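Let's go through this one together, question by question. Have a look at the fold before we start.

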Amino acid sequence: MSTLINKVLSTRAGYGLTVLRIFVGVIFAAHGSQKLFGMFGGYGIAGTAQYMESIGLAPGHLMAILAGGTEFFAGLALIIGLLVRPAALGLTFLSLVAIFSVHIHNGLFLANNGYEFALALLGGSIAVLIEGAGKLSADRAITG
């Protein structure tokens, strides 16, 4: 197996990171399904695009597809443990954009639409990015 592929798929983490990865993946996949499909009370692509435009992320339609697609598909990747480092990198970037474009001016606390929830998801994404998928993952099965 090539060195790059081995670095991307390798993991030194145990079961704890497996649990973290799955829970963070479920949250991101659910948020992505709100943006893409309107599930769980979401607004779908059209509503998300309108919101993205209103906060200055244009073109709104493209931004809605990129944000929703990253959340949904990278969230699924985290759940099954496949290609988690690239998925976590995308989710890290997405979380930073959410923090600095939507939440930062509201302070830390979620009650004021602050960035604490996005910060927690950012921390989980960075942990997965650094440590890999954990013991129970498709990445570990592939690398042996």
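Q: Does Thr 92 count as buried or exposed?
A: This is a predicted model, where local features need pLDDT of at least 70, side-chain atom pairs count only at pLDDT 80 or more, and totals for chains, interfaces and linings use all residues. Residues are numbered from 1 along each chain as its sequence is written, and side-chain values use heavy atoms, with hydrogens and water left out. Buried means under 20% relative accessible area, exposed over 50%, and partly exposed in between (1.4 Å probe, protein chains only). Thr 92 has 9% relative accessibility, so it's buried.

Q: Which residues does Thr 92 touch, leaving out those up to four places away in sequence?
A: Thr 92 sits in helix α5, residues 84–103; helices here are DSSP runs (H or I, at least four residues), numbered from the N terminus. Contact means heavy atoms within 4.5 Å. On that basis, the partners of Thr 92 are Leu 122, Ser 125, Ile 126 and Leu 129.

Q: What covers the buried residues of α5?
A: Those buried residues include Val 84, Leu 91, Thr 92 and Ile 99. Among what covers them are α1 (3–9), α2, α3 (44–54), α4 (60–80), α6 and α7 (138–143).

Q: How are α2 and α6 oriented to each other?
A: The axes, lines fitted to C-alpha atoms over the stretch in contact, come within 10 Å and cross at roughly 130°. Angles run from 0 to 180 degrees between N-to-C directions; under 35 is roughly parallel, over 145 roughly antiparallel, 65 to 115 roughly perpendicular, and the rest oblique. That's why α2 is, relative to α6, oblique.

Definitions and conventions. Helices (H or I, at least four residues) and strands (E, at least two) are DSSP runs, numbered from the N terminus.
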